[in-house]
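Here are my notes on this one, in the order I'd click through it. Have the viewer open while you read.

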Amino acid sequence: MAGIIKVAVLGAGGLGRACAAIMAKKKQMRLVAICDKKGYAYLPDGLDADAINSIKIDGTVGDLDCGQRVNDSIGEIIRISEKIDGIFIALPNLPNDFMFNVVKRFIVAGYKGCFVDTLKRTSAMEMMFRLHGDLRQANSTYITGCGATPGLLTAAAVIAAQSFIKVENVDIWWGVGIANWEEYKATIREDIAHLPGYTVDTALFMSDKEVEELLDKTNGLLELHEMEHADDLLLERVGVVDSRDKVTVGGIMDTRNAKKPVSTTMTLTGITFDGKQSSHKFILGDETTMAANVVGPALGYLKRSLWMNQHRIYGIYGSTEFMPCVVQ
């Protein structure tokens, strides 16, 4: 794979900013475009990661020297998309069909390139797979669920499953620590939508004050069980499990401390060919942040998506169907 991969990031929140910082340390990828809801920035030779990360939380990349405030920032990225090799969608999927509609806009515009996302909700991912035919017709390649979970941990589950004749269950229990919830407002709202009594719509329309009041009641902690996480769909899709109910996802997010409240673990339990029950465990280092475990795999999958596109493999696929590449 020759040449530098020119990347656009949709979303300039916590993950988008982390993506800029990580790509600045890579030789094979260059961030050339980024957008948020207020504006966009584009520079063919590459954007300055430090400048992006210096923007205030309520600011916009549109205020960068190479940026512009606009009403339709995604439309501006579509306009220059022929100059972009790959797109990392780091947007909140609120409402549930938001990402689906964003990708449809690129398809209608005739973009022939690569996408990855860090989509989490099962029902939203089912919607995305309906775009397979349209993406194939557009000669575009898309890999979905490329973050930490689904993504890194589900890919590990596919490898772990090889030791067993039958997989009985896959349990993912994650821990996330962030020092300031405002850096990851969208991510936290998506997680709130998994709490009992909340939905995607109620989380979407909560004001910042209402989110803060909820976090005050829980001392900044969100504990989630039986989440509607697309790990189940992706693992069923490749035959690791024969039923989605064998996959459970939950975790604890601390919105006031950078230290993880618990270690992130994927445990796969199964029966070996000689009738023994055992479990494989994959534990993420506590020092690795959510951003490192989400953005790193996403960029690896984006490089894989480009490889697939160059080999004329078009359409949409799950992160459990291909290994990510290493981005040097």
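1. Start with the largest cavity, which holds about 50 Å³ of space. Keep in mind that this is a predicted model. The structure has one cavity of 30 Å³ or more. Its lining is made up of Asn-93, Leu-94, Asn-96, Arg-121, Glu-190, Ala-193, His-194 and Val-200. By class, that lining splits into three nonpolar, three polar and two charged residues.

2. Pro-95 belongs to the loop between S5 and helix H4 (98-108). Another cis bond links Thr-149 to Pro-150, with omega about 0°. For Pro-150, the location is the loop between S7 and H7.

3. Next, the eight-stranded sheet. What is the strand order? Reading across, it goes S4-S3-S2-S1-S5-S6-S7-S13, as an open sheet with mixed pairing. Strand S4 (67-69) and strand S13 (315-318) are the edges; each has a single partner strand, so one side of each has no neighbour in the sheet. From one strand to the next, the twist averages 20°.

4. Within that sheet, strand S2 (residues 29-35) and strand S3 (residues 39-42) run antiparallel and are joined by three bridges. If you want a pair to click on, Cys-35 stands opposite Tyr-40 in S3. As for helices, H12 packs on the sheet and touches S1, S2, S5, strand S6 (114-117), strand S7 (141-144) and S13, with its direction at about 155° to that of S6. Helix H1 (residues 14-23) lies across strand S1 (5-10), S2 and strand S5 (86-89), and runs at about 155° to S2.

5. Is Thr-118 buried or exposed? Its relative accessibility is 15%, so Thr-118 counts as buried; the cut-off for buried is under 20%. Leaving aside residues up to four places away in sequence, Thr-118 touches Leu-15, Phe-88, Ile-89, Cys-146, Gly-147, Val-294 and Ala-298.

6. There is also a five-stranded open sheet, again with mixed pairing, in the order S9-S10-S8-S11-S12. S9 and S12 are its edge strands, each pairing on one side only. The twist here averages 10° from one strand to the next.

7. Let's go through the pairings in that sheet. S8 and S10 run parallel, joined by eight bridges, and Ile-172 stands opposite Val-249 in S10. On the other hand, S8 pairs with S11 in the antiparallel sense over seven bridges; there, Asp-171 has Thr-267 in S11 as its bridge partner. Strand S9 (residues 221-224) is also antiparallel to S10, over four bridges, with Leu-222 opposite Met-253 in S10.

8. Why is strand S10 (residues 247-254) described as largely enclosed by the rest of the structure? Seven of its eight residues are buried, so that is how it comes out.

9. Helix H7 (residues 152-160) is mostly covered as well, with seven of its nine residues buried. Those are Leu-153, Thr-154, Ala-155, Ala-156, Ala-157, Val-158 and Ala-160. H7 lies across S8, S11 and S12, at about 25° to S11. The partners that its buried residues pack against are strand S8 (166-177), helix H11 (231-237), strand S11 (265-271), strand S12 (277-283) and helix H12 (290-310).

10. Asn-219, in the loop between helix H10 (208-217) and S9, has phi near 60°, a positive value in a residue other than glycine. Glu-226, in the loop between S9 and H11, likewise has a positive phi, about 50°, without being a glycine. Asn-219 counts as exposed because its relative accessibility is 55%, and Glu-226 counts as exposed because its value is 65%; the cut-off for exposed is over 50%.

11. Last one: Asp-134, in helix H6 (residues 132-137). With 37% relative accessibility, Asp-134 counts as partly exposed. Asp-134 and Ile-316 are 182 residues apart in sequence, yet 9.4 Å apart in space, C-alpha to C-alpha.

Terms used. Residues numbered from 1 in each chain as written. Predicted model: local features only at pLDDT ≥ 70, side-chain atom pairs only at ≥ 80, totals over all residues. Heavy atoms only, no water. 1 Å grid on protein atoms, 1.4 Å probe; cavity = no way out; pocket = protein on both sides within 12 Å on 5 of 7 lines; lining within 4 Å. Points joined across faces, edges and corners; volume = space filled by probe spheres on them. Nonpolar A, V, L, I, M, F, W, Y, C, P; charged D, E, K, R; others polar. Helix = DSSP H or I, 4+ residues; strand = E, 2+ residues; numbered from the N terminus. Buried < 20%, exposed > 50% of the residue type's maximum accessible area, 1.4 Å probe, protein only. Contact = heavy atoms within 4.5 Å. Pairing = 2+ DSSP bridges. Axes fitted to C-alpha atoms, helices over the stretch in contact; angles between N-to-C directions.
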